[in-house]
Amino acid sequence: METTNIVENVQQDNDYILEVKNLKKYFPIATNFFGKPTRFLKAVDDVSFKVKRGKTIGIVGESGCGKTTTGRCIMRLHDITDGEVLFDGMDLKSLKGKALRKIRPQIQMIFQDPYSSLSPRLPVGEIIGEAVLAHKLIDPADYKDYVLNIMRKCGLQDHYYERYPHEFSGGQRQRICIARALALNPKLVICDEPVSALDVSIQAQIINLLEDLQKDMGLTYVFISHDLSVVEHISDEIGVMYLGSMVESGDKEKIFANPLHPYTQALFSAVPVPDPNVKMNRIILKGDIPSPANPPKGCKFHTRCNRCMDICKEVPPEYKEYEPNHFCACHYVEQQQG
């Protein structure tokens with residue numbers, strides 16, 4: 001009993017609900033005669049970040065940079081190759097069977113495509129409440145009232161309870177996905193590009209809904225997106241990923257006011273400014289993204305970087321803190337700051 005109390009006190013004193021340390025996820029793409037993997041696709045390669053309770057971290061980057069795989073590893077939808085994912089002080093990598101099942105309701109995910117992630121054979125009420133019954137979170141007698149209450153919180157009307165996913169628009173389907181995630185009363189929600197498939201006006205409604213729910217329920221978000229304007233609006237901190245690695249992270253204000261990494265600067269230069277009199281200082285990246293199955297030696301970004309030095313081609317840059325809670329991995333920045 002004393003040991004349990006000590007663990008609980010440590011968890012309560014910890015400001016960070018999620019700590020990702022040197023996370024790696026490698027997918028085997030070639031094997032030898034005996035079936036042993038010989039080549040790997042390095043989807044997530046040594047990623048580290050932390051999220052405070054009730055806050056939002058936005059993960060941004062080009063398609064294929066490992067954002068979604070990072071989210072799925074946190075959810076344990078993918079097994080973790082190496083590193084640690086600490087949720088409320090518990091190492092999710094080591095959890096299996098009943099222990100993992102017990103923690104699942106506390107970490108939920110809102111998927112990118114609301115249509116393919118909803119079963120076409122189940123009505124909305126059953127989609128939202130199915131996991132609630134499976135985890136025995138409420139009395140079966142209160143089931144319908146509980147589901148209707150969650151639906152109302154997410155802007156869904158009561159008469160949608162018996163309808164099927166094909167009867168709804170994209171925005172309504174995404175609200176159903178949000179309701180399904182929130183029905184389990186989670187502490188952490190992984191939002192995997194939840195508004196990328198929606199038009200701009202619906203995007204604003206969903207973002208505002210997520211913010212309201214965060215305030216009401218004390219939720220923590222990992223918000224994965226390639227839309228910097230959305231990330232700037234909803235996030236407290238930002239992490240920038242390139243080819244499976246985190247190249248820059250820190251407070252939102254610091255990242256947007258003073259982006260250090262050349263890749264971050266190129267991403268921000270592509271954000272359109274709604275003013276015809278403002279001249280865009282667009283940074284055009286040369287070449288294509290290298291293959292994560294065969295990443296470049298040294299800094300992974302050096303093949304497209306306009307500030308590439310000789311050391312960049314040979315030595316991977318160190319991920320360092322250049323100002324309070326502003327990290328970057330870049331030889332050029334280290335030279336300038338040093």
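Biologist: How many of the 9 residues of α2 are buried?

Modeller: This is a predicted model. In it, helix α2 is mostly covered. The buried residues include Lys67, Thr69 and Thr70, and also Gly71, Cys73, Ile74 and Met75. The count for α2 is 7 of its 9 residues.

Biologist: Which strands does helix α2 lie across, and at about what angle does the helix run to β1?

Modeller: Helix α2 spans residues 67-75. The strands it lies across are β1, β2 and β4. Relative to β1, helix α2 runs at about 110 degrees.

Biologist: Which residue just after α2 takes a positive phi?

Modeller: The helix covers residues 67-75. Just after α2, a positive phi of about 65 degrees is taken by Arg76.

Biologist: In what order do the 4 strands of the open sheet come, and which are the edge strands?

Modeller: The pairing in this sheet is antiparallel, and the order is β2-β1-β4-β5. An edge strand here pairs on one side only. That applies to β2 (37-52) and β5 (90-91).

Biologist: Why is strand β8 described as largely enclosed by the rest of the structure?

Modeller: Both faces of β8 are covered. Thr220, Val222 and Ile224 are buried on one side, and Tyr221 and Phe223 on the other. Strand β8 (residues 220-224) is largely enclosed because its buried residues number 5 of the 5.

Biologist: Which residues of β8 are the bridge partners of Ile57 and Leu188?

Modeller: Strand β3 (residues 56-60) runs parallel to β8 and is joined to it by 4 bridges. Strand β7 (residues 188-192) also pairs with β8 in the parallel sense, over 5 bridges. The partner of Ile57 is Val222, and that of Leu188 is Thr220.

Biologist: Which residues have the most contacts inside the largest nonpolar core?

Modeller: That core has 57 residues. Its largest share, 6 residues, comes from helix α6 (residues 170-182). The residues with the most contacts inside the core are Ile128, Met151 and Ile178.

Biologist: How many residues are in the second, separate core?

Modeller: This core includes Cys73, Val222, Met241 and Met246. Cys73 is also among the buried residues of α2, and Val222 is one of the buried residues of β8. The size of the second core is 29 residues.

Biologist: What separates the C-alpha atoms of Ile206 and Gly171?

Modeller: Ile206 lies in helix α7 (residues 200-217) and is buried, with a relative accessible area of 0%. Not counting residues up to four places away in sequence, Ile206 touches Gly171, Gln174, Arg175, Ile178, Val195 and Leu198. Ile206 and Gly171 are 35 residues apart along the chain, and their C-alpha atoms are separated by 7.6 Å.

Biologist: Which side chain of opposite charge is nearest to Lys252, and how far away is it?

Modeller: Lys252 lies in helix α9 (residues 252-257). Leaving aside neighbours within four places in sequence, the contacts of Lys252 include Glu232, Asp236 and Glu237. Lys252 is buried yet has no salt bridge, and a salt bridge would need a nitrogen within 4 Å of a carboxyl oxygen. The nearest side chain of opposite charge is 4.5 Å away and belongs to Glu253.

Key
Residues are numbered from 1 along each chain as its sequence is written. This is a predicted model: local features need pLDDT of at least 70, side-chain atom pairs count only at pLDDT 80 or more; totals for chains, interfaces and linings use all residues. Side-chain values use heavy atoms; hydrogens and water are left out. Two strands pair if DSSP finds at least two bridges between them. Helices (H or I, at least four residues) and strands (E, at least two) are DSSP runs, numbered from the N terminus. Contact means heavy atoms within 4.5 Å. Axes are lines fitted to C-alpha atoms, for helices over the stretch in contact, and angles run from 0 to 180 degrees between N-to-C directions. Buried means under 20% relative accessible area, exposed over 50%, partly exposed in between (1.4 Å probe, protein chains only). Lys and Arg count as positive and Asp and Glu as negative; His and the chain ends are not counted. A nonpolar core is a set of buried Ala, Val, Leu, Ile, Met, Phe, Trp, Tyr and Cys residues joined through side-chain atoms within 4.5 Å.
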